Amino acid sequence: ICHDQPFQSLAQRVLHHASTVSGCICIFLAWDQERQDFIRKLKALDVPLRVLVITDPGVPLDPGPLRDHPEWFWPLEMGRIAEDLAAHGQ
């Protein structure tokens, strides 16, 4: 967590260098519109993705822009992160 920079600052830097990466692993503590828009932009640039979102227990998440690639979207429930990672790894 960065308290002195907005998320948009990081997003702009990543998007600026997107053409030089072979893929992007994003770990989010929120799945808000700003982060979904960022993922939508990376997808439009054909960047392969893995998006891990840490969630509260029992809170289902809509994959949003990754609805067509559910294998790229990994919600991880607090208190069960190891188990959820193992389930996605199968």
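Visitor: Which strand holds Thr 55?
Guide: This is a predicted model, so every value here is computed from it. Thr 55 has its place in strand S2.

Visitor: Is Thr 55 buried or exposed?
Guide: A residue counts as buried when its relative accessible area is under 20%. Thr 55 has a relative accessible area of 7%, so Thr 55 is buried.

Visitor: Which residues does Thr 55 touch, leaving out those up to four places away in sequence?
Guide: Contact here means heavy atoms within 4.5 Å. With residues up to four places away in sequence not counted, the partners of Thr 55 are Leu 61, Pro 75, Leu 76, Glu 77 and Met 78.

Visitor: Are Cys 24 and Cys 26 buried or exposed?
Guide: The cut-off for buried is again under 20% relative accessible area. Cys 24 has 17% relative accessibility, and Cys 26 has 5%. Both therefore count as buried.

Visitor: Which elements do the buried residues of H1 pack against?
Guide: The buried residues of this helix are Phe 7, Ser 9 and Ala 11. They pack against S1 and H2.

Visitor: What is the volume of the largest pocket, and which elements give two or more residues to its lining?
Guide: The largest pocket is lined by 18 residues, and those nearest its centre are Ile 1, Cys 2, Phe 7, Leu 10 and Arg 35. By class, the lining has 14 nonpolar, two polar and two charged residues. The volume is about 420 Å³. The elements that give two or more residues to the lining are helix H1 (7-16), strand S1 (24-28) and helix H2 (33-44).

Visitor: Why does the pair of Asp 68 and Lys 43 tie together parts that are apart in sequence?
Guide: The closest N and O atoms of Asp 68 and Lys 43 are 2.7 Å apart, and the two form a salt bridge. Asp 68 lies in the loop between strand S2 (49-55) and strand S3 (73-77), whereas Lys 43 lies in helix H2, so the parts tied together are apart in sequence by 25 residues.

Visitor: How far apart are the closest N and O atoms of Asp 62 and Arg 67?
Guide: Asp 62 is partly exposed, with 42% relative accessibility, and Arg 67 is exposed, with 52%. The two form a salt bridge, and their closest N and O atoms are apart by 2.5 Å.

Visitor: Which residues do salt bridges with shared partners join into one network?
Guide: By the salt-bridge rule, the count comes to six. Those that share partners join Asp 32, Glu 34 and Arg 35.

Technical notes: Residues are numbered from 1 along each chain as its sequence is written. This is a predicted model: local features need pLDDT of at least 70, side-chain atom pairs count only at pLDDT 80 or more; totals for chains, interfaces and linings use all residues. Side-chain values use heavy atoms; hydrogens and water are left out. On a 1 Å grid over the protein atoms alone, a cavity is a set of points where a 1.4 Å probe fits but cannot get out, and a pocket is an open set with protein on both sides within 12 Å along at least five of seven lines; lining residues have an atom within 4 Å of a point. Grid points are joined across faces, edges and corners, and a volume is the space filled by probe spheres set on the points. Helices (H or I, at least four residues) and strands (E, at least two) are DSSP runs, numbered from the N terminus. Ala, Val, Leu, Ile, Met, Phe, Trp, Tyr, Cys and Pro count as nonpolar, Asp, Glu, Lys and Arg as charged, and the others, Gly among them, as polar. Buried means under 20% relative accessible area, exposed over 50%, partly exposed in between (1.4 Å probe, protein chains only). A salt bridge is a side-chain nitrogen of Lys or Arg within 4 Å of a carboxyl oxygen of Asp or Glu.
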